[in-house]
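Please keep the sequence and the structure in view while reading.

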Amino acid sequence: MRANYVQYGSPQFRILSDKQIEELHFATLQILERTGVAFECQEAIDILGDSGADVSAPNRVKIPSYMVEQALRTAPKMITLYTREGEPAIVLNGQTGSHFGGFPDCPEILDPYTRKRRTCYVEDIADNARLIDALPNIEWSYTSTAHPTVPGAIADKVTLLQFILNCSKPVVVEVLDVTSLREMIGLCSIVAGGEKELRKKPFFCGSSEPVTPLIQGKDALEKSLLCAEKGIPNVVYGMPMAGATAPATFPACLAIANAEVLSQLVVLQIKNPGAPVIFGSIPSIMDMRTTIFSYGAPEMSLMVGALTELCHYYKLPMFGTAGCIDADVIGAQAGAEITYQILISALTGADLVHDVGLTYHATVLSPELMVFANEIIDMVKVLMGGIEINDETLPLGLIERLGPKANYLTESHTLKHFREFWVPRIFDRSFIKKEGVKDCEQLLQQRTIKILETHQPKPLPEDLVKELKKVEKAWFDRVGLKHEYPERPGRK
């Protein structure tokens, strides 16, 4: 007799065996204990030395394995991110699937109206934040410090403010320095209703980059230590490049990437046990013909996927990468690169997956690519949903009643379930091609522009906006500029 209910879960996929994960873990411990890591922040060196690490060599710290194991025990296994209104948005625990994040700013943008590269203006950042707010499968955002139309001293804060004003979703920030991070925390505290409330319900996360190979810079550690002190979630990620800044073999690159994150994790857990840290790394290869750090290389997704499995061995949240391409236009190469990346990220279960929307080796932002990726993520979710088997989904009585040569089109069972089929928004399934029918590229452009021109995010209260604008004016006053932004040419 068939059981009444059987649930088949999501597809199972592994890159590393349990034995390989353990080998990488022990190799990492050996690197930390025998090779050591170069620390350039004296506070971090003092913290490690006082706790038992070998700090006898100048700027070279050797960390014993028991310190690493202790840090892994105290690091939170679950981190919840909130909307700017304080509602739960994303739970990071290795169990809730992948949450993909967009990118509102870059030095250049691939304009969706002209499909040509140009400088990214502050108006574009606001537009892109609204686009991210509108796309259901882009659940958060990562910001940079790189857009060129405002002074570098305030560019990171300008992006954060534009994002807060135009999007409710959580945001992870790239930060210029620890002074700027303090100002960002202050800005977000205004929105949250105080620093305690921001700590309780964070919609804002910091980030810090070790420098490969095995360097913890002063600025990076100062930012991470401040996040640990304030209880603000913090992403720690390096960018090892196999064949250049790391050995050309994947296990060696992975071990170095892991050592860079864990060495910083040790410092932060000693500073504040339980400090929320999100494990990250973007390992890729150096293309030996062009010398670029390749964002579209299959090896990048392979290594990020392997690190995701290692990270989940530690039961830590993972910061992954997908939806970014080496191609400079939206075409066949772009489609292949982002589909491969998104699929691997979903199958391995990276928690926060960033860089969706970046083209041309992560130097140009494409709003259309974000919309395209949103569609691919939707498709991949069909796969990750698995197949549920029960009496309703496997109606043997109906099959027996209708028998051979049946037609199910008019059955109530079909009426009940056909709306569960995935429906494309930008892909053409028409059977007869009529004049004027748009192809995928046209539908993509049309959908992107429609969202940019029509979507309005939930507004912040007027008194809160005025307070944030006063803070913004103070930034401009400090750098001696009038409180206004360069106007975007061509369109409002």
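In helix α2 (residues 42-50), the buried residues are A44, I45, I47 and L48; buried means under 20% relative accessible area, with a 1.4 Å probe and protein chains only. These residues lie on the same side of α2, because they cover an arc of only 160° around the axis, the arc being that of the directions from the helix axis to the C-beta atoms. Helices (H or I, at least four residues) and strands (E, at least two) are DSSP runs, numbered from the N terminus.

This is a predicted model, in which local features need pLDDT of at least 70 and side-chain atom pairs count only at pLDDT 80 or more, while totals for chains, interfaces and linings use all residues. Residues are numbered from 1 along each chain as its sequence is written, and side-chain values use heavy atoms, without hydrogens and water.

The buried residues of α2 pack against several elements, among them those below; contact means heavy atoms within 4.5 Å.

| Element | Residues |
|---|---|
| β2 | 37-39 |
| β3 | 54-57 |
| β4 | 60-62 |
| α3 | 65-74 |

An open sheet of four strands has the order β3-β4-β2-β13, with mixed pairing; two strands pair if DSSP finds at least two bridges between them. β3 and β13 (215-216) each have a single partner strand, so one side of each is left without a neighbour in the sheet. The pairing of β2 with β13 is parallel, over two bridges, and F39 has Q216 in β13 as its bridge partner. After α2 comes G52, with a positive phi near 120°.

Terms used
Buried < 20%, exposed > 50% of the residue type's maximum accessible area, 1.4 Å probe, protein only.
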